[in-house]
Amino acid sequence: MRQTLLAASIAATIALTGCSIHETQAPSAAAVQTQNPLMQPSALQYQAPDFNIIKDEHFKPALEQGIKEHYQQVLAIANNSEAPTFENTIVALETSGELLNRASKVFYNLAGTDSNPTMRKIQGEMAPKMAAHSDNIHLNAPLFARIDSLYQQRSTLGLTNEEVRLIEVYHQRFVMAGAKLTDEQKAQIRVLNEEQSTLTNEFSQRLMRLTKEIAVVVDDVDQLAGLSDSEIRAAKADAAAQGHEGKYLLSITNTTRQPVLAKLENRELRQRVWQASSTRGMQGENETASLVARLAQLRAERAALLGYKSWADYRLAPQMAKNPEAVYKMFGSMVPAVVANTQKEADDIQAMINKTGGDFTLAPWDWAFYAEKVRQEKFNLDESSIKPYFEFNRVLTDGVFFTLESLYGVTFKPRPDLPVYHEDVKAYEMFDTDGTSMAIFYGDYFAREGKRGGAWMSSFVAQSKLLNNKPVVVNVMNIKKAPEGEPTFVSYDEVTTMFHELGHGTHGMFSKVTYPSLSGTAVSRDFVEFPSTFEEDWAAHPKVLANYAKHYETGEVIPDELLQKLLKSRSFNQGFDTLEYMAAALVDLEWHSLPADAPLQDVANFEANALEKHGINIAAVPPRYKSTYFAHAFPGGYSASYYAYMWSEILAADAFAYVQTQGGLNRDIGMKYRKTIREVGNSVPPMEAYKAFRGQAPTTEALLKRRGLN
């Protein structure tokens, strides 16, 4: 998942309060400027943040001062008496907001990875101010008039293709924010956007609190049968850290399916874990159900003001998909095959339950546990036999980094001298084939309190030739860290997620564009997951696997027989995996297809009706995310856009299949892909970029093969 920061706070909300930002009280003392490290560029390489000296008390003054300065800069551009030119309008906007951009990138990154009560309080206070600032820019009539003037004559100004593209991006951004609305409509947009900003922030805060609140505490170690000794020790340590001395704590990740369910032999405990996961947010002090219902409603109201019949229509207009109907058609064409495949998997699992003496009908909390038994029987593959070959550090260096060097010629060198924001975070410098330094990369891979669930990529500094900026990028995951002194092993799903997120990371780090608004991952939502998903399949490439899948003690390469079992098992359970994803994507799209006059919805009933409507209401396979903890769709930037993973996977599967016809893992095809897809950012329309690499538009054939559904 590619996470936006300033965009998440400003552009994604494209909203504001009724008060003007220039009225914000910001610190004015010169002393603050010198004492606050965020007030000036970092002296570290590529302006990497100096986490050693950045403190919580620095954030709010820097953000407020940044808003004030940026607003003044924007006013100067809007009120310029000279005729609009590309330089005095577009370039001026691109170079504005330096302080706000710097401070917000540090703050919002840390708010998701190393949060605390002080930061959460600042987040709540700043959310409406950031939303207001966005609207004060995008709804500024004189400013839009200048942009519109350039847009109308863009083909006659003698500009480069990238410059024309930038004008088009700006124009579309302003129009979709409401620049063409009447003053009365703009006032309404401001009110809705302020509320959305407040609610999305509250949703994130409650979800973070829920993660701690719903952890399952186990009294008796015997109930943990199926877990390894190391996992049991970790659960005991986690419980002690939370004040449950002598007990065991099972943390809940931010998906419906929980990894521990594949191992726990105790069915009652499996049910407790699943219910803790699937019912979170429905009631209690930190319920999010009411926020879901209102967010869907106010987004529909906002879309109607902008001339769209639904938020989904509004959101998809600038994407590759163009409209919700195209997405419904894509999923609809796959439903019969996916449901049939899933039902066959369910039948096999029920047969295994019966075979092993179970006198019950398959339930959601049984699927993973008995699916693993079916996998073992079908492929004679025991996950515990694979585990010693997937040690975290080796996967990262000899798997992910090795693949990136093989394809794109880049190398990663540790930078222990660079400050980090937590002891588990590691800094690296990325070098090109000729030894040229390209970027700074932070790996933040382990779960901890104060970090939200999931996995994502973000930037502290975005690449830009105009600003002479090289990228500073971070990958974040929530891998369970082994007890002190023991190796951390990762599941194969976590392996592919590591490849995926550094696919996003290198999308940002390979960027070679001039303008920051077009840099790296600043592409359409249903294209941004393509480069990351493309990287996933390299995790299973025989040459790559043989390089990193080595026994953590002996260094022995994974035996070929075991490797072949692993590769053959990749298509196993794909009905379930595909259906739970599709269910979440369709629920998201249904929420955001509501018209503006629809009443507030009951969350549980709405979800059930949406699944029934699309013929995917299978009790044993709930959506990957239910609405009340659907971080992508409600507080995140993927509202009406969770479909993008599948849309992008079509591109990724097609591209990966094409690469195999060009020799597979080799520098020549890798460099072609890097130059045509990774380096161009949003300076080229997505489909044009894809065709430049592939030579034609993608088909779904490779996708169905990738998922074992054809």
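Let's start with a cluster: ring pairs link Tyr-408, Phe-510, Phe-527, Phe-530, Phe-534, Trp-538, Phe-656, Tyr-658, Tyr-673, Tyr-690 and Phe-693. By pair I mean rings of Phe, Tyr or Trp (for Trp, the six-membered ring) with centres within 6.5 Å; planes under 30 degrees apart are stacked, over 60 edge-to-face, and the rest tilted.

Quick caveats: this is a predicted model, with pLDDT of at least 70 needed for local features and 80 or more for side-chain atom pairs, while totals for chains, interfaces and linings use all residues. Numbering runs from 1 along each chain as its sequence is written, and side-chain values use heavy atoms, leaving out hydrogens and water.

Searching the whole structure gives 48 aromatic pairs. One of them is Trp-367 with Phe-576, tilted, at 4.8 Å centre to centre and 35° between the planes. Trp-367 is in helix α15 and Phe-576 in helix α22, so this pair ties together parts 209 residues apart in sequence. Helices here are DSSP runs (H or I, at least four residues), strands likewise (E, at least two), numbered from the N terminus. Trp-367 is buried at 2% relative accessible area, and Phe-576 is buried at 5%. Buried means under 20%, exposed over 50%, partly exposed in between, with a 1.4 Å probe and protein chains only.

Next, Tyr-442 and Phe-460: centres 5.7 Å apart, planes at 80°, so edge-to-face. Tyr-442 sits in strand β5 and Phe-460 in strand β6, 18 residues apart. Tyr-442 is buried at 0%.

Last, charges over rings (NZ of Lys or CZ of Arg within 6 Å of the ring centre and within 35 degrees of the ring normal). Arg-267 has its charged end over Phe-360, 3.7 Å from the ring centre.
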